[in-house]
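Reader: Could you walk me through how to read the ligand surroundings and a helix packing in this structure?
Author: Gladly; let's take the features one by one.

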Amino acid sequence: MGAAARAVLLLVAVAVVVGGASAQLCEEFYDRTCPDVHRIVRRVLKKAHKDDPRIFASLTRLHFHDCFVQGCDASILLDNSTSIVSEKFARPNNNSARGYPVVDAVKAALEEACPGLVSCADILAIAAKISVELSGGPRWRVPLGRRDGTMANLTAANNDLPGPRDNLTTLQQKFAAVGLDVTDLVALSGAHTFGRVQCQFVTDRLYNFSGTGRPDPTLDAGYRAQLAKSCPRRGGNRTALNDLDPTTPDTFDKNYFTNIEVNRGFLQSDQELLSTPGAPTAAIVNRFAISQKSFFKSFARSMVNMGNIQLLTGSQGEIRKTCRKVNGS
Ligand code: HEM
Ligand SMILES: *[C@@H]1O[C@H](CO)[C@@H](O)[C@H](O)[C@H]1NC(C)=O
Ligand SMILES: *[C@@H]1O[C@H](CO)[C@@H](O)[C@H](O)[C@H]1NC(C)=O
Ligand SMILES: *[C@@H]1O[C@H](CO)[C@@H](O)[C@H](O)[C@H]1NC(C)=O
Ligand SMILES: *[C@@H]1O[C@H](CO)[C@@H](O)[C@H](O)[C@H]1NC(C)=O
Ligand SMILES: *[C@@H]1O[C@H](CO)[C@@H](O)[C@H](O)[C@H]1NC(C)=O
Ligand SMILES: *[C@@H]1O[C@H](CO)[C@@H](O)[C@H](O)[C@H]1NC(C)=O
């Protein structure tokens, strides 16, 4: 073999190795091995929704809280054990992230139908997609083939997930750190069109914003009065629940953005997307507030982007038998 031919072979070998390491997901991943995967997830979710109208929002959030912490590897689902310090007790998750028993039920149904094949990370991605769809949101084909991780990282869960009082610069940085841009930030924040939120995340905006002794000036006065009833200054319940989108609490639509347009974003991190002076996100909020079609299209694309963060594929990681623990532990 000549030097040129050897060089070509080497290049091909390198390309295969590099390509293998960043192996792509594909929509047809379970078509042969577990063709009913979508139907099975949908059935379990619909059943869960009968008892819990909030579950679709909660499952959508779980996928986000999984992907932002060392990638979409189902690390958020691992319980404490001798080898695991669970992310479930990180600040953004403790008494907040929910839906774990429904994920268990989905996993049990899939282990029955096609044992050992469908990863918990893929279950979260499929559950989020079906949850959005069943709530009236966009449909998209979800790329599959993620593998489950064998580690959790409590520190990363505390540091890398965005917080409700993060300023826009910090939000942009946390999204950029996982390869997501400002359009992804605005589109994905649109998930706050459904689900619930505790009083503790808004009381500062109602009564003493940034230590000013006054309410957040970017919060509509009428909405503030309404929220103050549910979340009184003294003697209130920090964990009492409110709708993130009071106009259509359980429907996935563009009202999150029309709310922000009239200073009725619930969280500081929501309103900032429009109200921060010079915000690069403001024009995108305006675009989505005008056109649900534009929002839906971007949301679907951004969910796929989020679902691609730092993946384990091929023979990396494992397919967990139980989502709450690493195999053999
Ligand atoms: C941009 C930064 C974000 C911040 C600061 C943020 C913060 C929060 C907070 C504080 C809550 C309320 C939690 C509670 O009261 O227990 C919440 C709820 C929620 N978040 Fe976000 N979030 C962000 C982005 C996202 C993204 C990207 C998604 C999904 C794509 C999402 C989906 C949800 C959903 C659906 C709920 C309601 C969950 C339920 O009812 O169980 N959020 N978020
Ligand atoms: C899990 O471990 C964390 C960190 O050690 C601890 O804060 C938490 O209370 C534990 N939770 C349970 C249910 O054991
Ligand atoms: C999680 O919340 C519980 C209250 O339900 C609290 O006792 C515990 O200290 C919290 N854990 C952490 C790690 O903050
Ligand atoms: C956990 O996350 C922190 C902060 O993101 C990082 O510095 C650390 O290296 C991670 N630990 C492991 C074991 O990956
Ligand atoms: C945003 O928050 C970070 C971290 O708290 C802070 O360092 C930074 O100065 C803030 N930026 C702006 C523009 O307020
Ligand atoms: C508002 O908060 C600041 C600092 O967090 C505190 O010093 C101040 O006393 C509070 N003001 C009122 C009116 O509660
Ligand atoms: C506070 O609100 C939560 C959520 O609605 C509820 O489960 C809990 O019982 C309430 N606690 C009190 C003391 O009212």
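Author: A residue is near a molecule if one of its heavy atoms lies within 4 Å of it. Keep in mind that this is a predicted model.

Reader: Thanks! Which residues surround ligand 2?
Author: Asn80, Val85 and Phe89 surround ligand 2. The side chain of Asn80 has an N or O atom 2.4 Å from an oxygen atom of ligand 2. On its own, ligand 2 has 360 Å² of accessible area, and the protein covers 35% of that.

Reader: Which residues are around ligand 3?
Author: Around ligand 3 you will find Phe89, Asn94 and Asn95. From an oxygen atom of ligand 3 to an N or O atom in the side chain of Asn94 is 2.4 Å; for the side chain of Asn95, the corresponding value is 2.6 Å. Ligand 3 taken alone exposes 360 Å², of which the protein buries 29%.

Reader: And which residues surround ligand 7?
Author: Here look for Asn237, Thr239 and Ala240. An N or O atom in the side chain of Asn237 is 2.4 Å from an oxygen atom of ligand 7. The protein buries 29% of the 360 Å² that ligand 7 exposes when taken alone.

Reader: How do I read the packing of H8 and H14, and what is the angle?
Author: Angles of 65 to 115 degrees count as roughly perpendicular. Helix H14 covers residues 292-306, and H8 packs with H14 at an angle of about 110°, their axes being 8 Å apart. H8 is therefore roughly perpendicular to H14.

Reader: Which residues of H8 meet H14?
Author: In H8 they are Thr183, Asp184, Ala187 and Leu188. Their partners in H14 include Phe295, Phe299 and Met303.

Key: Residues are numbered from 1 along each chain as its sequence is written. Chains are lettered from A and ligands numbered from 1 in the order in which they are written. This is a predicted model: local features need pLDDT of at least 70, side-chain atom pairs count only at pLDDT 80 or more; totals for chains, interfaces and linings use all residues. Side-chain values use heavy atoms; hydrogens and water are left out. A polar contact is a pair of N or O atoms within 3.5 Å; within protein, one must be able to donate a hydrogen and the other to accept it, and residues adjacent in sequence count only if both atoms are side-chain atoms. Accessible areas come from the Shrake-Rupley method with a 1.4 Å probe; for residues, only the protein chains shown count as cover. Axes are lines fitted to C-alpha atoms, for helices over the stretch in contact, and angles run from 0 to 180 degrees between N-to-C directions. Helices (H or I, at least four residues) and strands (E, at least two) are DSSP runs, numbered from the N terminus. Angles under 35 degrees count as roughly parallel, over 145 as roughly antiparallel, 65 to 115 as roughly perpendicular and the rest as oblique. Contact means heavy atoms within 4.5 Å.
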